[in-house]
Amino acid sequence: MKYTQLGRTGLKVSRLVLGTMNFGPQTDEPTSHSIMDAALGAGLNFFDTANVYGWGENKGRTEEILGTWFAQGGGRRDKTVLATKVYANMAGEGDPWPNYDRLSALNIRRAVEASLKRLQTDYIDLYQFHHVDRRTPFEEIWQAVDVLIQQGKVLYAGSSNFPGYKIAQANETAARRGSVGLVSEQCLYNLAERRAEMEVIPAAQEYGLGVIPWSPLHGGLLGGVIKKEVEGGRRASGRSADALANSSVRAQVQAYEDLLDKHGLEPGETALAWLLTRPGVTGPIVGPRTAEQLESALRALELELSAEVLSGLDEIFPGPGASPEAFAW
């Protein structure tokens, strides 16, 4: 396993992040536990979740699955860098109740206690703000986080889905308070969606944040979706199907798969390996539903992309500074 520092911190994390969003909704508890055992056995120590995962009436279920895994002992919790998130409304059945969502000091306090209980742990390594809360000032947010850090319940704070200027605003406010501030940003970033390169990643680098890309295969479009259609008769569904209905997008994906076929490369592994070459990227989040998908993701760590392949990928999926066509998706 390859490791790196999380942004400007002294925390050492694996270059792949185990995303757990499928645990519960799509992957049952025993299989989820097996995947986590396999990940930890391979040296992958960075696990990401969120209080809302499980969704709907089952929100919180994913954290509970991690909690029962930690409860098995064997050093599982001590070896894991645990990241979770706060923002979504976690009130019970019925209409959403005030102060059970967003980033008020009250909800942060309430949410962290509930997450600790579900996760069966007494601390969270990386506590992330799932979205920007435009109604709560950062002074209040940092006051609440600083208390949690002093109590030993949270070690570091990170953001998710923040624009560049909010990263700057958050950390300038933290600096005025003498607080540590954000140490990571979890953002949508992959070969086909590179707008993070415009402001988010530069802001993260300027303030010493590790970048944790989510959706590295862009909803499956970078995982060999056309090849799977041809070979297995399995048509794309959901967002992938909608995107491929656009002829220009389909042509891009076909060119991508043709390039990799020429070089004997697997699409999903290549998309992950490309992210690992990008400046500022700590590690992409992989969300395996099966052990086989985890094994494929781990192979990306050993994949060396040639200059010819990297150049070809840039031609097919140009960065946002290249031309307006870069935003065809």
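The side chains of Glu-63 and Arg-118 form a salt bridge, with an N-to-O distance of 2.8 Å; a salt bridge is defined as a side-chain nitrogen of Lys or Arg within 4 Å of a carboxyl oxygen of Asp or Glu. This pair connects distant parts of the chain, as Glu-63 lies in helix α2 and Arg-118 in helix α4, 55 residues apart. Both Glu-63 and Arg-118 are buried (buried, under 20% relative accessible area; exposed, over 50%; partly exposed, in between; 1.4 Å probe, protein chains only). The model is predicted, and local features require pLDDT of at least 70, side-chain atom pairs count only at pLDDT 80 or more, and totals for chains, interfaces and linings use all residues. Residues are numbered from 1 along each chain as its sequence is written, and side-chain values use heavy atoms, with hydrogens and water left out.

The axes of helices α2 (residues 61-70) and α4 (residues 105-119) come within 6 Å and cross at roughly 50° (axes are lines fitted to C-alpha atoms, for helices over the stretch in contact, and angles run from 0 to 180 degrees between N-to-C directions). The two helices, α2 and α4, are therefore oblique to each other (under 35 degrees, roughly parallel; over 145, roughly antiparallel; 65 to 115, roughly perpendicular; the rest, oblique). Contact, meaning heavy atoms within 4.5 Å, involves Glu-63, Glu-64, Leu-66, Gly-67 and Phe-70 of α2 together with Ser-115, Arg-118 and Leu-119 of α4. Helices (H or I, at least four residues) and strands (E, at least two) are DSSP runs, numbered from the N terminus.

The structure holds 17 salt bridges.

An open sheet is formed by 8 strands in the order β9-β8-β7-β6-β5-β4-β3-β10, with parallel pairing (two strands pair if DSSP finds at least two bridges between them). The edge strands, β9 and β10, each pair on one side only. Strands β5 (residues 81-86) and β6 (residues 124-129) pair over 4 bridges in the parallel sense, and Thr-84 has Tyr-127 in β6 as its bridge partner.

Helix α11 (residues 267-276) is mostly covered, with 10 of its 10 residues buried. Its cover includes the edge strands β9 and β10, as well as helices α10, α12 and α13.
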